[in-house]
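Student: I'm new to this one. Can you walk me through it?
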Amino acid sequence: MKLVAIVGTNAAFSYNRILLHYMQQHFEKTAKIEVCEINELPPFCEDLPVREESKIMELAHKITKADGVVFSCPEYDHSIPAPLKSAIEWLSYEIDPLKQKPVLIVGASYGPQGSSRAQQHLRQILASPDVNANVLPGNEFLLGNVAQVFDKERQLVDQQAIKQLDSCFNEFLSYVRILQADAREDKKINSEINPFFSDATVQFSTGKLKLLEIQQLFSTLPFELDFIDADDKFAWFSDKPQREHKRSIADLNEPVKDCHPPKAVPAVLKILSDFRSGVSDHVERCFVAQGHQIYTQYLAVRDTDNKYLGTLEITSNVEHLKNLLETGAFGGKAEADAETSQNYEVKEKNNADVVTGASQHEGNGKASPGSIHE
């Protein structure tokens with residue numbers, strides 16, 4: 001699990017920063033925690049264009065990509081520090097990376113109450129409509145008397161505090177998993193009932209399509225598509241009936257290694273690595289699955305500047321192509337007959353096949369080569 005931990009102060013020295021770095025080390029086997037600072041963020045001001053403030057957008061991007069956020073804040077005058085309030089205002093002004101994001105609040109202070117008032121105030125701020133974060137309920141970690149509970153190596157030595165922190169953090173991990181499962185289920189329901197929320201049209205260089213048309217084009221294609229994004233996460237699949245590779249909404253946003261059979265994972269990861277580094281752009285695979293002859297292509301997707309965007313996987317059942325080869329469909333006779341048939345005057349007595357242009361021969365009732373009746 002990937003978490004972002006935000007130091008809730010811009011002070012050069014802070015036990016709340018020490019606490020987060022301790023958590024980063026202490027829980028390294030269960031979560032990857034990235035400690036982020038707010039000391040380089042400008043004071044909040046509506047006159048500044050938020051999307052042009054690189055430090056703010058960098059923090060927002062990290063939060064968006066994370067599974068959850070940990071705030072650690074001291075208590076100043078019964079509330080949170082002004083720089084933290086300013087940072088949250090940035091993160092809820094024209095952007096919303098904290099929306100529905102699981103949040104854990106911890107805090108350390110020199111006094112015995114462990115930033116209890118500041119934590120309560122922070123909960124109210126994070127629950128406001130413009131922030132709308134999912135703060136872990138029913139759990140508090142209030143670390144008081146911090147000057148006595150850390151040793152010289154900045155390790156927490158109070159066993160009762162460690163036990164309480166472990167309990168609180170494990171509750172948070174469970175909370176994140178529950179919210180993720182609920183989100184996947186909501187996404188599945190929404191995609192099945194109402195896959196689109198607007199009638200927008202996408203303008204391409206070669207024409208334009210409505211969103212509904214794009215959806216149905218993907219569903220109509222005689223092969224299935226899967227897209228793995230630049231972070232090696234399973235991002236999208238075409239909703240084709242009777243897929244060779246079974247996919248579900250629950251797979252979305254999961255690491256690609258979790259969406260393939262274990263034996264296939266090393267080969268898939270090697271392909272993605274080669275695509276990312278530019279070693280190759282195209283890989284083909286042929287195999288038999290459940291008695292079907294399957295042809296799969298992996299294609300590197302890049303932007304106009306050759307930046308790697310992800311990998312497109314195209315999978316087809318090619319048995320019908322094999323049958324066409326065996327019946328001589330590519331031998332030239334069928335093509336010649338089809339061309340000749342186009343020169344015939346269509347007459348009612350010929351019972352012309354209006355689908356293929358192939359007509360029955362008089363007298364024998366047999367269809368000419370190329371007809372769908374073959």
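Student: What pLDDT does the chain average?
Tutor: The chain averages 84. Of the residues, 84% score at least 70.

Student: Where does pLDDT stay under 50?
Tutor: Over residues 343–374. For that stretch the model has 32 contacts beyond four places in sequence. Where pLDDT is low, the predicted coordinates should not be read in detail.

Student: OK, helices. At what angle do α3 and α4 pack?
Tutor: About 15°, with their axes 11 Å apart. Helix α3 covers residues 82–90, and helix α4 covers residues 116–126. Angles under 35 degrees count as roughly parallel, so α3 and α4 are roughly parallel to each other.

Student: Is their crossing left-handed or right-handed?
Tutor: The crossing of α3 and α4 is right-handed.

Student: Which residues meet there?
Tutor: From α3, L84, K85 and I88. They meet L122, I125 and L126 of α4. By class, this contact has five nonpolar residues, one charged and no polar.

Student: New topic. Where is Q297?
Tutor: Q297 lies in strand β12, which spans residues 292–302.

Student: What does the Q297 side chain make a polar contact with?
Tutor: With the side chain of H282, at 3.0 Å.

Student: And which residues does Q297 touch?
Tutor: Leaving out residues up to four places away in sequence, Q297 touches H282, V283, E284, L312, E313 and I314.

Notes:
Residues numbered from 1 in each chain as written. Predicted model: local features only at pLDDT ≥ 70, side-chain atom pairs only at ≥ 80, totals over all residues. Heavy atoms only, no water. pLDDT = per-residue confidence, 0-100. Contact = heavy atoms within 4.5 Å. Axes fitted to C-alpha atoms, helices over the stretch in contact; angles between N-to-C directions. Helix = DSSP H or I, 4+ residues; strand = E, 2+ residues; numbered from the N terminus. Parallel < 35°, antiparallel > 145°, perpendicular 65-115°, else oblique. Left-handed = near helix turned anticlockwise from the far one by under 90°. Nonpolar A, V, L, I, M, F, W, Y, C, P; charged D, E, K, R; others polar. Polar contact = N/O pair within 3.5 Å; in protein donor to acceptor, adjacent residues only side chain to side chain.
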